[in-house]
Amino acid sequence: MDYSTSYTPHADAIAALFTATFTASEGPDEGALIGALARRLIAETPAEDLRVVTAWEDGALLGGIFFTRLIYAGDPRTVFMMAPVAVATAHQGKGIGQRLIAHGLDALRQEGVDIAVTYGDPAFYGRVGFKSVSEADMPAPQPLNQPQGWIAQSLTEAPLTPLSGPARCVAAFDNPALW
Ligand SMILES: CC(C)(COP(=O)(O)OP(=O)(O)OC[C@H]1O[C@@H](n2cnc3c(N)ncnc32)[C@H](O)[C@@H]1OP(=O)(O)O)[C@@H](O)C(=O)NCCC(=O)NCCS
């Protein structure tokens with residue numbers, strides 16, 4: 001498996017991966033929503049606020065992850081949110097998701113990012129180091145429909161201590177339907 005961090009040349013393939021994967025797992029409406037999110041994240045997010053890691057084999061796109069910056073008004077630490085994450089339906093359950101996430105988190109660590117946060121199933125993301133956090137300790141940029149899915153980890157030696165908000169996400173995530 002090869003990893004890539006270049007995204008603009010692969011925008012169509014990445015959007016198609018997210019549309020197809022989320023259509024298969026959660027239906028066509030969610031597929032269209034997340035496919036459009038992937039497209040907007042690539043088209044509209046300033047490069048300094050976006051990292052995309054993709055996994056390829058024999059020229060086929062197997063999986064992808066987006067990381068986007070969260071700004072905490074009262075805190076100097078660098079925070080990136082990991083979302084969305086997709087592994088092509090036919091390739092799920094083979095460890096690709098966990099390897100891709102570990103690779104993406106390592107890259108963030110190497111560039112000095114302090115904290116990674118995500119919004120998803122704690123049972124799955126707990127396997128790659130994420131732990132539940134309260135919205136009091138780490139405010140979310142939008143009201144959360146599933147607060148139990150708000151999870152984070154420190155990427156440094158420092159423990160994960162509360163972040164003071166308000167929190168701001170990139171423009172493509174400013175949509176309550178995504179939260
Ligand atoms: C979630 C996803 C990225 C995981 O990637 P993957 O390559 O299939 O995962 P891995 O093979 O590394 O890990 C699989 C393990 O995680 C578990 N797992 C996978 N998806 C899970 C989920 N949504 N919730 C809980 N556990 C999950 C599997 O049961 C499996 O456990 P096992 O090893 O005990 O059998 C992938 O299944 C996917 O794209 N799903 C559809 C889209 C989605 O839900 N994305 C996440 C929300 S942003």
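Helices (H or I, at least four residues) and strands (E, at least two) are DSSP runs here, numbered from the N terminus.

**Ground rules.** I'm working on a predicted model, where local features need pLDDT of at least 70 and side-chain atom pairs count only at pLDDT 80 or more, while totals for chains, interfaces and linings use all residues. Residues run from 1 along each chain as its sequence is written, and side-chain values use heavy atoms, with hydrogens and water left out.

I looked up salt bridges (a side-chain nitrogen of Lys or Arg within 4 Å of a carboxyl oxygen of Asp or Glu). The structure holds six of them. One pairs Arg40 with Glu44, with 2.8 Å between the closest N and O atoms. Both residues belong to helix H2 (residues 28-44) and are four residues apart, about one turn of the helix.

**Ligand shell.** Next I asked which residues come nearest to the ligand. Helix H1 (11-26), strand S4 (79-87), helix H3 (96-110) and helix H4 (122-125) each give the shell at least two residues. I sorted the shell into seven nonpolar, seven polar and three charged residues; Ala, Val, Leu, Ile, Met, Phe, Trp, Tyr, Cys and Pro count as nonpolar, Asp, Glu, Lys and Arg as charged, and the others, Gly among them, as polar.

I took pairs of N or O atoms within 3.5 Å. A ligand nitrogen is 3.0 Å from a polar backbone atom of Val85. A ligand nitrogen is also 3.4 Å from a side-chain N or O atom of Gln92, and a ligand oxygen is 3.0 Å from a side-chain N or O atom of Arg127. On its own the ligand exposes 870 Å², and the protein buries 66% of that (Shrake-Rupley method, 1.4 Å probe).

Another joins Gly165 and Pro166, with omega about 5 degrees; Pro166 lies in the loop between strand S7 (150-154) and strand S8 (167-168). I also logged Asp58, not a glycine, with a positive phi of about 50 degrees. Asp58 is in the loop between strand S2 (50-57) and strand S3 (60-72).

Terms used. Near = heavy atom within 4 Å. Polar contact = N/O pair within 3.5 Å; in protein donor to acceptor, adjacent residues only side chain to side chain.
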